Amino acid sequence: MQKLIPPFLLVVLSFMIIVLHFIIPVMTLFFPPFNYLGVLFILIGLTISCKVANTFKKIGTEIHTFKKPNLLITSGIFQYSRNPIYLSFTLMLLGLGIVMGSLSVHVVVLSYVIISNIWYIPFEERFMEMQFGEAYRVYKGKVRRWI
């Protein structure tokens with residue numbers, strides 16, 4: 001699972017949402033034009049992801065989940081969420097689910113949140129605590145995991 005980086009999982013799950021919608025469209029939750037509100041979630045998620053990626057690039061630290069970061073970022077969006085990329089990916093998946101409209105696709109969104117919470121985030125938190133020690137523990141005590 002370590003090789004399955006979050007952006008790749010996002011692509012796979014997005015595809016699954018689309019396939020599920022057409023194969024098992026269990027109960028329509030969002031009808032046009034209300035389902036197009038999902039585009040707003042997608043755009044917010046994309047904006048957050050781009051801002052985080054630009055921040056990582058600007059300060060020169062590693063963004064890859066399984067590589068060693070050299071700086072602890074606690075400013076910008078990181079003062080509100082310790083995991084803004086996972087939050088942004090969740091928003092994008094949720095938005096896609098709303099656009100598709102059917103209930104069945106939200107199982108995929110929930111799966112992403114669970115996978116993030118039990119695999120990716122704990123892995124990263126252990127790694128960050130080893131890397132940055134007390135500074136990360138203090139940060140973790142002040143800023144929530146998601147929002």
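Select P122 to begin: with a relative accessible area of 17%, this residue is buried (buried means under 20% relative accessible area, exposed over 50%, partly exposed in between, with a 1.4 Å probe and protein chains only). The model is a predicted one, in which local features need pLDDT of at least 70 and side-chain atom pairs count only at pLDDT 80 or more, while totals for chains, interfaces and linings use all residues. Residues are numbered from 1 along each chain as its sequence is written, and side-chain values use heavy atoms, with hydrogens and water left out.

P122 belongs to helix α4; helices (H or I, at least four residues) and strands (E, at least two) are DSSP runs, numbered from the N terminus. Display the contacts of P122, where contact means heavy atoms within 4.5 Å. Not counting residues up to four places away in sequence, P122 touches S116, N117 and R145.

**The whole chain**

Taken along the principal axes, the C-alpha atoms fill a box of roughly 50 × 30 × 25 Å. Of the 147 residues, 41% count as buried. The chain exposes about 8,600 Å², of which carbon and sulfur atoms supply 71%; these areas come from the Shrake-Rupley method with a 1.4 Å probe, and for residues only the protein chains shown count as cover. Among contacts between residues at least 6 apart in sequence, 79% join residues at least 24 apart.

**The nonpolar core**

Next, select I17, L93 and Y112. These are the residues with the most contacts inside the largest nonpolar core, which has 34 residues. Such a core is a set of buried Ala, Val, Leu, Ile, Met, Phe, Trp, Tyr and Cys residues joined through side-chain atoms within 4.5 Å. Two or more residues each come from α1 (6–23), α2 (37–59), α3 (84–100), α4 and α5, and the largest share, 10 residues, from α3. Keep I17 selected: leaving out residues up to four places away in sequence, I17 touches L93, L96, G97, M100, V105, V108 and V109.

**Two loops**

Move to S104, in the loop between α3 and α4. S104 counts as buried because its relative accessibility is 10%. Beyond its neighbours within four places in sequence, S104 contacts L20, I24, P25 and V26.

M27 lies in the loop between α1 and α2. M27 is exposed, with a relative accessible area of 52%. Its phi is near 45°, a positive value in a residue other than glycine. P33 is also found in the loop between α1 and α2; the peptide bond from P32 to P33 is cis, with omega near 5°. Most residues other than glycine have a negative phi, and most peptide bonds are trans.

**The α4–α5 contact**

Finish with helix α4 (residues 106–132) and helix α5 (residues 134–142), which pack at an angle of about 130° with axes 6 Å apart. Axes are lines fitted to C-alpha atoms, for helices over the stretch in contact, and angles run from 0 to 180 degrees between N-to-C directions. That angle makes α4 oblique to α5: under 35 degrees counts as roughly parallel, over 145 as roughly antiparallel, 65 to 115 as roughly perpendicular and the rest as oblique. Select E125, M128, E129 and F132 in α4, which meet E134, A135, Y136, R137 and K140 in α5.
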